[in-house]
Amino acid sequence: MFRINDNFTKLPASYLFSEVARRVKVYTEANPGTDIIRMGIGDVTRPLCPAVIAALHAAVDDEANGESFHGYGPEQGYGFLSEKISEFDYKNRGIDIGPDEIFISDGAKSDTGNIGDILSTANCVAVTDPVYPVYVDTNVMGGRAGELGDDGRWSRIEYLPCTAENSFVPALPVNDPDVIYLCYPNNPTGTTLTRSQLKVWVDYCREHGALLLFDAAYEAYIREDDVPHSIYEIEGAKEVAIEFRSYSKTAGFTGIRLGYTVVPKELKGLDESGRLVGLNGLWRRRQTTKFNGASYLTQRGAEALYSPEGRRQVKESIDYYLENARMLRVGLAEAGYEVVGGVNSPYIWLKTPEGMSSWEFFDHMLERYHIVGTPGSGFGPSGEGYFRLTAFNTHENTRLCVDRLTGKS
Ligand code: MLT
């Protein structure tokens, strides 16, 4: 009889956001007509901006005509988009990242999950805690996590706590990990690291021969000057870091899907015989084999984001969500909650009331206030006693959420 990948059987029964959705479904079926405000999964609510819509329509017309029809595209993405990314997201910030170091994909979730394909299963991994569950779960699937302990920690993963006690700034690892995941602006806490704080990590990776997997999916929400938009703003990062970007929260592409990953040519790792091998070539080989490219339509849509109108419209949408974040941050703080995030991020991270676990608070929020958030413990052991709300709803619903929590509604 064939064997399955046993690592899958070690995983918790369901993925965090699937479990949240299941519990909300059970509640709404038992309480039909309840006016639920959804601030759980970070899914956007505003429609695609007009510049993208126009580009998508034009791309559909291209596909309707034999002369301009596009079938399979380049697996790593069309040059018309990677050139724009190179220019606007990097060169304009003084960073030299060429189109051939950019790999366009269907999103950062896939890429952060798939990147393990090109890394040895012998590598030891470190994650900040709480953490976006994809990093941990995919390392479990890949056989790098060891066993799950009663404390909710995997034996071969080093957890770097980020809590109020250390102002949500992780300490450097002590177990000499080979691969370190960082996500800034952070999901789920919404906190950021300054330039000098990030430099510590790049320097560490250079000194210890570690790979930094830097998830910058929320980069477009950065408003403060001292918060880097890219890890490559830090000197020496191109030799140690892969960066993941997403159009989901930037431009409302959660439904149509698009992101990209930067693998610099300078980045090299050791093979079994101790020879240095470039990761750019390995990721290209992985993508050309397992991925047939993001759709022509979506890539044309993303190209329009770099036009003057596209950039203005995207900024308006993000400003809209950041105003929601401000409302939540200020309103909840006034109501006595301890809150972080929401300044350079669409996520608000709040401490649950004394004695209430994350899941108890989830139930309380759902049953008493009809508000859906995400329990902090779902993001890792150090998330216990915390709760995440997103700024992706409408102004009206966000105000209503604050009013419900402060007893005004
Ligand atoms: C989240 O809510 O953490 C994100 O939306 C999940 C994701 O981007 O996959």
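**Exercise 1.** Is aspartate 117 buried, partly exposed or exposed? Then find its salt-bridge partner and say where the two sit in the chain.

*Solution.* Keep in mind that you're looking at a predicted model.
- Step 1: Start with the cut-offs: buried means under 20% relative accessible area, exposed means over 50%, and partly exposed is in between.
- Step 2: Aspartate 117 has 40% relative accessibility, so it counts as partly exposed.
- Step 3: Now the partner. Aspartate 117 forms a salt bridge with lysine 290, and their closest N and O atoms are 2.8 Å apart.

**Exercise 2.** Work out how glutamate 316 and arginine 312 are placed for their salt bridge.

*Solution.* 
- Step 1: Their side chains meet at 3.3 Å, N to O.
- Step 2: Both residues are in helix α11 (residues 308–334), four residues apart, or about one turn of the helix.
- Step 3: Here's a handy rule: an α-helix has 3.6 residues a turn, so residues three or four places apart point the same way.
- Step 4: Check the cover too: glutamate 316 is partly exposed at 44%, and arginine 312 is partly exposed at 48%.

**Exercise 3.** Describe how helices α2 and α12 pack, and name residues that touch.

*Solution.* 
- Step 1: For two packed helices, you give the angle between their axes and the distance between the axes.
- Step 2: For α2 (residues 16–30) and α12 (residues 358–369), the angle is about 40° and the axes are 11 Å apart.
- Step 3: The crossing is right-handed.
- Step 4: On the α2 side, the contact is made by Leu16, Glu19, Val20, Arg23, Val24 and Tyr27; on the α12 side, Trp359, Phe362, Asp363, Leu366 and Glu367 take part.

**Exercise 4.** How many of the eight residues in helix α10 are buried, and what do they pack against?

*Solution.* 
- Step 1: Helix α10 (residues 296–303) is mostly covered, with six of its eight residues buried.
- Step 2: Those buried residues are Tyr296, Thr298, Gln299, Gly301, Ala302 and Glu303.
- Step 3: They pack against α3, α4 and β2.

**Exercise 5.** Which residues make the nonpolar surface patch that includes Ile4?

*Solution.* 
- Step 1: Met1, Phe2 and Ile4 make the patch, which covers about 460 Å².
- Step 2: Isoleucine 4 lies in the segment before α1, and at 52% relative accessible area, isoleucine 4 is exposed.

Methods:
Residues numbered from 1 in each chain as written. Predicted model: local features only at pLDDT ≥ 70, side-chain atom pairs only at ≥ 80, totals over all residues. Heavy atoms only, no water. Patch = residues over 30% accessible without salt bridge, like charges linked within 9 Å, V, L, I, M, F, W, Y side chains within 5 Å. Areas by Shrake-Rupley, 256 points an atom, 1.4 Å probe, with all protein chains shown as cover. Salt bridge = Lys/Arg side-chain N within 4 Å of Asp/Glu carboxyl O. Buried < 20%, exposed > 50% of the residue type's maximum accessible area, 1.4 Å probe, protein only. Axes fitted to C-alpha atoms, helices over the stretch in contact; angles between N-to-C directions. Left-handed = near helix turned anticlockwise from the far one by under 90°. Contact = heavy atoms within 4.5 Å.
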